[in-house]
Amino acid sequence: MTETAWFLPYCLDVPESALDDLRRRLADTRWPDQPKAASPTDAGWSLGPPVDYLRELVEYWRDGYNWRKAEARINQYPQFTTEIDGQRVHFLHVRSAVPTAEPLILTHGWPGSLVEFLDLIGPLTDPAANGGDPADAFHLVIPAIPGFGLSGVTTETGWAAPRVARAWAELMRRLGYAHYLAHGGDWGAAITRELGLADPEHVAALHVPQIFTASVTEETADLTDPEERRSVAAGQRYQYELSGYAAIQSTRPQLISYALTDSPVAQLAWIVDGFMHWTDATDRPEDAVDRDAMLTNVMLYWLTGTAGSSARFYRDGAASWGQPAQPSTVPTAVAVFPYDIAVPIRRIAERNDNIVRWTRFDRGGHFASLEEPDLMLADLRTSFRPYRLGRG
């Protein structure tokens, strides 16, 4: 790594006054009614997070959840900020002690954060201490997307996936990494793919759980494979049932930002709904994702006031939705989790992507690194082995 004046060390230290304000707001919540279901289609989570569930979760958030414990866990890892393209970027930079470790940049999406990758840091940087082979070690760079979490709010519009990818290429250049690997999910998958287009001379390979342009929502005569029909079913459910948040964030992000910035319960509900419906949870999100991890993720939006700027990311990126993908030559591994909101189809992905590995799992959903970290860890290690420096 090249140490330069580009980077400022960072330590997460939230003022106690901010936590007191949060507890006060949670205690003063004005709750909506919960109508009695007139039909099965109106029961459970079909209208949004049930009031009884959210009341219970808010009570735990206020009186049981320990932010300082989460803060201390994040602060175990070296953190820095830098300015790229006029925007502050926060990132973890965790170097492995293994001399042959390969640089790997991990990118979250919405409504995710660095929390998605915390369980992977130890096994990826120190495989030997976690039952793995030292030859699979990585140096990790884990940035927050501009407008999300610890990178802070964006001060202007125009931050879409291609611009972030160019920022990531500059970040890796400043860190002195001339050969590196990249993984990301949700918007992180789109940014990771764009990173391969922006910096193909230095990006050795990509790993993503989604290729959104290779997912489909309409039945066609070609779709005879059961996995392809699963893609249709997932796409239709997302389009007709689950995409309301995206419609708002891609058209009127400022509209929803008032509620999410002022009310922690609104911010909680807005995010928790995704953790429920985008995973293989059955009765509550905690069936798939640890409750404290989910709340820490919400805290990174609440404490930084980035609800509005993260919502704007949808509007800034909406112009590219439905457009043909620019062909990519970077070797790409795809990990398909069955309960994701977007299930790609390989033969469609191969039209514009250099697919070198395609793994189908029997469990897990959109937040795979949180839901099934062991599966994600094993697939990252296997997928990237051929592309380590000197092996490809």
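Which side chain makes a polar contact of 2.5 Å with the side chain of His366? That of Asp340. Here a polar contact is a pair of N or O atoms within 3.5 Å; within protein, one of them must be able to donate a hydrogen and the other to accept it, and residues adjacent in sequence count only if both atoms are side-chain atoms.

Before I go on, the ground rules. This is a predicted model, in which local features need pLDDT of at least 70 and side-chain atom pairs count only at pLDDT 80 or more, while totals for chains, interfaces and linings use all residues. Residues are numbered from 1 along each chain as its sequence is written, and side-chain values use heavy atoms, with hydrogens and water left out.

Back to His366. The residue sits in the loop between β9 (354-360) and α14 (368-371). For the element names, helices are DSSP runs of H or I with at least four residues, strands are runs of E with at least two, and both are numbered from the N terminus. His366 is buried, at a relative accessible area of 4%. Buried means under 20% relative accessible area, exposed means over 50%, and partly exposed is in between, with a 1.4 Å probe and protein chains only.

The side chain of His366 also makes a polar contact with the side chain of Asp186, at 2.6 Å. If neighbours within four places in sequence are set aside, His366 is in contact with Asp186, Gln210, Trp278, Tyr339, Asp340, Ile341 and Glu371. Contact means heavy atoms within 4.5 Å.

As background, most residues other than glycine have a negative phi, and most peptide bonds are trans.

Asp85 also has a positive phi, about 55°, although it is not a glycine. Asp85 is in the loop between β2 (79-84) and β3 (87-94). Is Asp85 buried or partly exposed? Partly exposed, with a relative accessible area of 47%.

On the peptide bonds, there is a cis one joining Trp110 and Pro111, with omega at about 0°. Pro111 belongs to the loop between β4 (102-107) and α4 (118-125).

Next, helix packing. Helix α9 (residues 253-262) and helix α12 (residues 307-317) pack at about 155°, with their axes 8 Å apart. That angle makes α9 roughly antiparallel to α12. Axes are lines fitted to C-alpha atoms, for helices over the stretch in contact, and angles run from 0 to 180 degrees between N-to-C directions. Under 35 degrees counts as roughly parallel, over 145 as roughly antiparallel, 65 to 115 as roughly perpendicular, and the rest as oblique.

The contact is made by Pro253, Gln254, Ile256, Ser257, Leu260 and Thr261 of α9, and by Ala307, Gly308, Ala311, Arg312 and Arg315 of α12. By class, that contact has 5 nonpolar, 4 polar and 2 charged residues. The classes are Ala, Val, Leu, Ile, Met, Phe, Trp, Tyr, Cys and Pro as nonpolar, Asp, Glu, Lys and Arg as charged, and the others, Gly among them, as polar.

The other helix pair on my list is α3 (residues 67-74) with α11 (residues 291-302). The axes of α3 and α11 come within 11 Å and cross at roughly 85°, which makes α3 roughly perpendicular to α11. Trp67, Ala70 and Ile74 of α3 meet Thr296, Met299 and Leu300 of α11. This contact has 5 nonpolar residues, 1 polar and no charged ones.

Gln79 is buried, at 3% relative accessible area. Not counting residues up to four places away in sequence, Gln79 touches Leu8, Pro9, Tyr10, Leu12, Ile74, His90, Phe91, Leu92 and Leu150. The C-alpha atoms of Gln79 and Val336, 257 residues apart along the chain, are separated by 31 Å.

Val336 in turn is one of the residues that Thr359 touches, along with Val334, Ala335 and Asp379, again not counting residues up to four places away in sequence. Thr359 is in strand β9 and is buried, with a relative accessible area of 14%. A polar contact of 3.3 Å joins the side chains of Thr359 and Arg357.

Last, Arg174 in helix α5 (residues 161-174). Arg174 counts as buried, at 8% relative accessibility. Its C-alpha atom is separated by 9.0 Å from that of Phe7, 167 residues apart along the chain.
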